[in-house]
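User: I would like to go through this structure with you. Could we begin with how its secondary structure is counted?

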Amino acid sequence: MTTTQTSVVHDLGTLAHRLSHPARTPCVCEPPQVLADRPDGTVVRSGAIVAKAHAADTDRAALTARIALAAAPQLAGILLPPLTAPEPAAPTARPVTLWPLGAPVDPTDPGAAPWAEAADLLARLHRTEPPFPLPPMRGPAKAARAVARMRAALRGDAITPPRDPAVEPGDATAPPRDPAVLSVLAGWRALPAWARGEAPAPAPRADALCHGDLHLGQLVRHPAPDGPWLLIDMDDAGVGDPAWDLGRPAAWYAAGLLAPEDWSTFLDAYRAAGGPAVPADGDPWPALDVPARALTVQTAAVALAKCAAEQRDPDDHEQLMIESCARIATLPPELATGPAS
């Protein structure tokens with residue numbers, strides 16, 4: 001951990017402790033706990049308070065709108081509400097938000113994964129009219145940043161991706177011609193422009209309220225430990241194609257990482273809750289195909305960046321996603337699709 005990272009963690013822990021600890025009482029609190037420390041966010045817990053320092057290059061106006069969305073009454077029971085608005089100047093130069101502590105999904109108990117609850121929350125989110133103007137959902141831009149991060153890591157550059165996500169992976173600075181890298185880049189090029197963050201999502205699927213980065217790590221029970229499940233992490237939320245939020249489970253299912261029964265549970269619950277991303281019955285894949293492919297590429301690109309940084313080979317799960325990219329590269333840019341209802 002660098003000196004700057006250590007300072008950010010210390011400052012976040014101090015802030016969270018100050019808010020969670022009663023004033024003028026003896027302190028018997030445990031030391032602050034680092035929950036995550038990545039270039040796109042550092043998260044520290046003290047007691048029942050969680051402090052998050054967002055990326056230094058965060059669009060602060062967009063972040064303010066996204067945090068306001070989490071606090072909106074229309075989203076009560078769907079999104080975990082913040083404790084405060086963003087604090088751009090304190091305690092670090094990075095924007096900071098504060099949240100109540102929730103109980104996350106237990107990674108050691110995959111049989112208890114809340115797939116049905118996640119699907120129900122997504123459907124309710126997608127059915128909610130945006131309460132005020134919001135920026136675009138950042139899913140495609142995040143996929144582009146993952147590809148840029150992979151390319152930088154494999155050139156031996158810094159792991160942090162560039163600010164501009166629209167990096168063309170086929171230019172003269174392309175990484176070495178490793179077969180795994182070539183598969184990921186081929187899968188990336190096979191996607192339509194909107195899925196690479198280079199164009200708006202096609203109408204009429206571009207104006208739904210979306211989470212933008214759905215996976216099981218984005219759910220917590222609140223109040224902990226047995227409250228209802230809620231969605232967290234609004235950094236990528238906004239308006240866009242709701243199918244993107246189903247893309248990662250769909251990608252895992254297509255790659256063989258998500259059991260068919262879990263996928264059925266998720267999809268059936270989403271449909272039962274009236275989710276608009278896929279038709280109420282019949283084949284969901286014309287709607288899910290592009291987001292699933294994009295998130296396959298994103299996952300594989302991040303895996304290769306991590307492997308380069310850690311000087312290791314891909315593990316079995318990572319290898320499955322990389323191999324899926326080779327199949328993606330043979331497909332047309334988009335399956336025939338009509339509006340979901």
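Analyst: Helices here are DSSP runs of H or I with at least four residues, and strands are E runs of at least two, numbered from the N terminus. The model is predicted.

User: How many helices and strands does the protein chain have?

Analyst: The protein chain has nine helices and nine strands.

User: What share of the residues is buried?

Analyst: Of the 341 residues in the protein chain, 48% are buried. The accessible surface is about 15,500 Å², and carbon and sulfur atoms account for 58% of that area.

User: Which residues have the most contacts inside the largest nonpolar core?

Analyst: Those are Leu219 and Leu231, in a core of 81 residues. Helix α8 (residues 285-310) contributes the most to this core, with 10 residues.

User: What does Leu219 touch?

Analyst: Leaving aside residues up to four places away in sequence, its contacts include Ala103, Pro104, Val105, Trp229 and Leu231. A second, separate core has 11 residues, among them Val9, Ala16, Ile49 and Val96.

User: Turning to helix packing, at what angle do α6 and α9 pack?

Analyst: Helix α6 (residues 244-255) and helix α9 (residues 316-328) pack at about 90°, with their axes 10 Å apart. Angles of 65 to 115 degrees count as roughly perpendicular, so α6 is roughly perpendicular to α9.

User: Which residues make the contact?

Analyst: Helix α6 supplies Ala251, Trp252, Ala254 and Ala255, while α9 supplies Leu320, Met321, Ser324 and Arg327. By class, six of these residues are nonpolar, one is polar and one is charged.

Notes. Residues are numbered from 1 along each chain as its sequence is written. This is a predicted model: local features need pLDDT of at least 70, side-chain atom pairs count only at pLDDT 80 or more; totals for chains, interfaces and linings use all residues. Side-chain values use heavy atoms; hydrogens and water are left out. Buried means under 20% relative accessible area, exposed over 50%, partly exposed in between (1.4 Å probe, protein chains only). Accessible areas come from the Shrake-Rupley method with a 1.4 Å probe; for residues, only the protein chains shown count as cover. Axes are lines fitted to C-alpha atoms, for helices over the stretch in contact, and angles run from 0 to 180 degrees between N-to-C directions. Angles under 35 degrees count as roughly parallel, over 145 as roughly antiparallel, 65 to 115 as roughly perpendicular and the rest as oblique. Contact means heavy atoms within 4.5 Å. Ala, Val, Leu, Ile, Met, Phe, Trp, Tyr, Cys and Pro count as nonpolar, Asp, Glu, Lys and Arg as charged, and the others, Gly among them, as polar. A nonpolar core is a set of buried Ala, Val, Leu, Ile, Met, Phe, Trp, Tyr and Cys residues joined through side-chain atoms within 4.5 Å.
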